[in-house]
Amino acid sequence: MSAQAEPKQPPSSPVETGTAMTDLTKPVVAADGAGAPSAQPHGANRVEPKVTTTDVKVFYGSSEALHGIQTEIPANQVTALIGPSGCGKSTFLRCLNRMNDTIEGARVTGKILMDGEDIYDKSLDVVLLRARVGMVFQKPNPFPKSIFENIAYGPRIHGLAKSKGELADIVERSLKRAGLWDEVKDRLKEPGTGLSGGQQQRLCIARAIAVSPEVILMDEPCSALDPIATARIEELIDELRRNYTIVIVTHSMQQAARVSQKTCFFHLGDLVEEGDTDQIFTNPRDKRTQDYITGRFG
Amino acid sequence: MATGTADTTIGAARAASPTTQRVQATLARRRAAETRFRLIGLSAVILGIGLVALLFASILSRGLPAFWQATLTLEVYIDPEIVDVSPAPDAAAFDSQAAYEEAFLGWQTELARTNWGRVLRNALLAYLPPEAAESGRAVEGLIASNERFELRALIQEDPGLIGETITFQGLADANIDVWVKGNIDRSLPDDRLPLTSDQRAWVEILLEQGVLTQEFASSLLFNVDSRSSPASAGLAGAFVGSLFMMLIVIVLSVPIGVAAAIYLEEFAPRNRFTDLIEVNINNLAAVPSIVFGLLGAAVFINWFRLPLSAPLVGGLVLTLMTLPTVIIATRSTLRAIPPSIRQAAIGLGASRVQTVAHHVLPLAVPGILTGAIIGVAQALGETAPLLLIGMSAFVAQVPASPMDASTALPVQIYLWQGNELRNFFEARTSAAIIVLLALLLSLNTIAIILRKRFEKRW
């Protein structure tokens, strides 16, 4: 969002953004989504949890992949999920927008409350949940359509834009937020798959924020990117934190330390330790956490 | 020897490690294996192409001559003495439509009773030596018997021609065509030749005068099949029958097949029941086509009381046969669409139907088209099941609807192949094959164009 915003200044004003966000926020918790856009202080703090999980277990067929996870995802913070491969952190992440539903034979028990609402409740429409909880995947997966269409798809299916102009505004705003606007503004009609890996991933982030979700889940979003692209995404995550609650799965200790305020360490399907990122990385309480972050296993 | 020198240079450069030596020992063998495999593959391809070329060459060389046929161009005097009919009724002179129609029917009957053969014979005699008049039947035998009706139709169209001399082009008899094309062994004894010695002499005379020429045989494409006048037998009926069936197959098998495949692949839960369905679909694809014919006869004709020989029934039977092909092709195409696209859509909150309709299906269109075309092409060339539902009957008219009796192109080929007038229908059979192949090729071309068009949209 640099100096060039002359043509369409008004739509990208922060006020507009705020209203767009509350559109999707449930009335019960309206204060939550819009009320905390200011930056949270780092370090030990007690923020309103956006998501609370109680005894979450996931079974793939008969094998148990997660053994009762109990944690809280603080609102407007970045929560990093770390741990060795196969520890269940991605599985846990996918519980938060019920992506596990799409996996044959997966079963989730326990309670996951988002703003006090059970997201596994039968009366809850999973489509609405996924509109509120966006997701960015490990490999950039833009649709094989134009850049514009990639961003516009979500708002369109959810009926977020009343007119073509409004839709174009959403696309522009989302791309600006994802820091991609300047690079692609002249070629919105070109295929999204023609962008570089890093650009594609930012496109996917822009696509996710175009539907104004409350929570964004990121599953190792930088693992397929080079260090420069990674740095850009990390900057972006830090910026997005002001408006969104972010949960990120990462294999990179440094990344977790750089971008997150809270860290959860998973091991063999258990949540071994959770806490402020500073505390986890400087003074882990559990031996396994210490071994992992110092690179002794994993 | 080349490898030998290479060995020593490497060896001289630095002492080769035991691993390097061992690998080098296997190199020659591996290269030989690769060369062998490539040669085998290449020769297989060449053999395949050669056989296809041979097939095409043989069909074309036999079939193409049939598109040009011995034709007589005659100055025909419509002799009022022979064509002795009352003047054509005038619609204005009648009070009611019914009365006019009755009068017209009577006039038509008069026309039909006229000896058109004699008119043509007289026209022919003008070119032949006078003694030919004595063997009128042999003279009449020079021209295809169907041409009498063509001439009648011409006069019925324009009764004013009675008493005039018109230029009339008619097909020569099938035997004349074969004789002129040199497909009859001329050294055979007289009693084994299809033409009398007089007729052979007349043919020479007609050829010399330029009356008997080879003309493009539009009758092959636009006439219906004929038994009494083999020279004018054409493909129109079979062609239209095949078109009707193809239409039915496309309209039924593609939507049903694609819908079934999408449901099975994207929505159906994986359980024993769907496993059973899957096994059955795969088995259906392997069922001999004649079995489908039996099924069609039993179900569609015996049970649903649909008409025999109808393209509708043929189309339904072929749809059953094509469905497994379409389903299997569509499913494998859907399976090849990267799951990341589905996840992206679902992650955005798209419903399953939206995910499939907006993202999966557009990507699958080229593959689905390919499958559908393969299925339809198979159906188009299918003969066996059609024999069992009566589509091998002799039908001398173009079906006006899918409920009318008809045959199909491959069945027509089969019928002509078995015709007793061997040396005439051999070329005709190949010509029918050419038409069938042309139809298939154009179908494939359309598919390729469509596929390219959809592929462009990434």
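Which helices of chain B are included in what covers the buried residues of H17(B)? In this predicted model, the cover includes helix H9 (219-222), H10, H15, helix H16 (384-388) and H18 of chain B. Helix H17 itself spans residues 409-417 of chain B, and its buried residues are B:Leu409, B:Pro410, B:Val411, B:Gln412, B:Ile413 and B:Trp416.

The axes of H10 (residues 236-267) and H15 (residues 352-380) of chain B approach within 9 Å and cross at roughly 140°. This angle makes H10(B) oblique to H15(B), and the crossing is right-handed. On the H10(B) side, the contact involves B:Ser242, B:Met246, B:Val249, B:Ile250, B:Val254, B:Val258, B:Ile262, B:Glu266 and B:Phe267. These residues meet B:Arg352, B:Val353, B:Val356, B:Val360, B:Leu361, B:Ile368, B:Ala372, B:Val376, B:Ala379 and B:Leu380 of H15(B). Classified by residue type, the contact of H10(B) with H15(B) comprises 16 nonpolar, one polar and two charged residues.

H15(B) also packs against helix H18 (residues 422-455) of chain B, with axes that come within 9 Å and cross at roughly 170°. H15(B) and H18(B) are therefore roughly antiparallel to each other. H15(B) contributes B:Val365, B:Pro366, B:Leu369, B:Thr370, B:Ile373, B:Val376, B:Ala377 and B:Leu380 to this contact. The H18(B) side consists of B:Leu436, B:Leu439, B:Leu440, B:Leu443, B:Asn444, B:Ala447, B:Leu450, B:Arg451, B:Phe454 and B:Glu455. The contact of H15(B) with H18(B) divides into 14 nonpolar, two polar and two charged residues. B:Val376 and B:Leu380 of H15(B) take part in the contact with H10(B) and in that with H18(B).

The UniProt record, an unreviewed entry, assigns the feature "transmembrane region" to residues 39-60, 235-264, 284-304, 310-330, 360-381 and 431-450 of chain B. Among these spans, residues 310-330 are 95% helix and 0% strand, with end C-alpha atoms 29 Å apart. Residues 431-450 are 100% helix and 0% strand, and their end C-alpha atoms lie 29 Å apart.

Leaving aside residues up to four places away in sequence, B:Asn175 touches B:Ile184, B:Pro194, B:Leu195 and B:Leu421.

How values were computed
Residues numbered from 1 in each chain as written. Chains lettered and ligands numbered in written order. Predicted model: local features only at pLDDT ≥ 70, side-chain atom pairs only at ≥ 80, totals over all residues. Heavy atoms only, no water. UniProt positions renumbered as here; feature names shortened; annotations may be inferred. Helix = DSSP H or I, 4+ residues; strand = E, 2+ residues; numbered from the N terminus. Axes fitted to C-alpha atoms, helices over the stretch in contact; angles between N-to-C directions. Parallel < 35°, antiparallel > 145°, perpendicular 65-115°, else oblique. Left-handed = near helix turned anticlockwise from the far one by under 90°. Contact = heavy atoms within 4.5 Å. Nonpolar A, V, L, I, M, F, W, Y, C, P; charged D, E, K, R; others polar. Buried < 20%, exposed > 50% of the residue type's maximum accessible area, 1.4 Å probe, protein only.
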